Amino acid sequence: MRGLIRFLALAATPAAAQMQPDFTQIGAAVNAIAFPVTMNMCNAGLCGPQPGASGPRKSIGVPPAFIRGAKPLPASAPASAGIYQPTPALGRQALAGYVQRIRRANPGLADQVAREFGKHDYQAIYRSIVADDGFGSNSVSDAMAAYLTLTWMIANNANREPSAAEVLGVRRQIAARVAGNPALLANRAQLGEELKLLLVTTHAGFQSSRKEGTQRRYADGVAAMIRKHYDLDLRALRLTPNGFAPRA
């Protein structure tokens, strides 16, 4: 079983390079996280307001209630929610929108991203990165859980493979939140594909940082991006069989 950690370790090998986008030439932009964040998980209801608050949470970085109070879910709890059919047409639509959003901020970067993803199927790359860990390719909750797990690993310089129990825990944790969010479920296909693109882009950026010797800066950038846009401090979390939980 290869898993996320082993795939990160394989990033510098020729075989892995052939199947991955090459962002080396725009490493500075990648390392600065110059990609649009198209989905705010707090706005999607996955952070939620602080107790007694009527709007979005204000205490940036404080784990949301569903993480602070992470508890075992029953064995019957589903590991996926928001199932959809990822088709080539849906992939083309998601990629076109993604490149267009990048173009508004950085046309040169958009051209590079379009060229690389024109040569590589991001849906296939996503499957190659996450499938061995059990994350599905047809579920918005799995795409979200995989993206959070990958960014957590990069931000924390993880040096061990998440256990099967930990992966199942985070999948169930996120699935429970997604299943209770009608607005998110109504847009499951679009959001799922956007999260796949973000995961593949983040992973490719990590490869670029390895080649350029800027892994620490990239890890800091990933942690800052998630903290700013998703209201989560990845470095204040640990991965457990119940999903993400605050560090003791």
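Figure 1. With a relative accessibility of 4%, V167 is classed as buried, because the class takes residues under 20%. The model shown here and in the other views is predicted. V167 belongs to helix α9, which spans residues 164–179. Leaving aside residues up to four places away in sequence, V167 has contacts with D133, F135 and P162. A145 lies 22 residues from V167 along the chain, and the C-alpha atoms of V167 and A145 are 8.6 Å apart.

**Figure 2. Aromatic pair formed by F117 and Y122.** Two aromatic pairs are counted in total. In the pair of F117 and Y122, the ring centres are separated by 6.5 Å and the ring planes meet at 80 degrees, so the arrangement is edge-to-face; the cut-off for that class is over 60 degrees. F117 is buried, and Y122 is buried as well.

**Figure 3. Packing of helix α11 against helix α12.** A packed helix pair is described by the angle between the two axes and by the distance between them. Helix α11 covers residues 188–212 and helix α12 covers residues 215–230; their axes are 8 Å apart and form an angle of about 155 degrees. Helix α11 is therefore roughly antiparallel to α12, as the class holds angles over 145 degrees. On the α11 side, the contact involves L198, T201, T202, G205, F206, S209 and R210. These residues meet Q215, Y218, V222 and Y230 on the α12 side. Sorted by class, the contact between α11 and α12 comprises five nonpolar, five polar and one charged residues.

**Figure 4. The whole chain, for orientation of the close-up views.** The chain contains 12 helices and two strands. Read from the N terminus, the order of elements is α-α-α-α-α-α-α-α-α-α-α-α-β-β. Considering contacts between residues at least 6 apart in sequence, 79% join residues at least 24 apart.

Note on methods. Residues numbered from 1 in each chain as written. Predicted model: local features only at pLDDT ≥ 70, side-chain atom pairs only at ≥ 80, totals over all residues. Heavy atoms only, no water. Phe/Tyr/Trp six-rings, centres within 6.5 Å; stacked < 30°, edge-to-face > 60°. Buried < 20%, exposed > 50% of the residue type's maximum accessible area, 1.4 Å probe, protein only. Helix = DSSP H or I, 4+ residues; strand = E, 2+ residues; numbered from the N terminus. Contact = heavy atoms within 4.5 Å. Axes fitted to C-alpha atoms, helices over the stretch in contact; angles between N-to-C directions. Parallel < 35°, antiparallel > 145°, perpendicular 65-115°, else oblique. Nonpolar A, V, L, I, M, F, W, Y, C, P; charged D, E, K, R; others polar.
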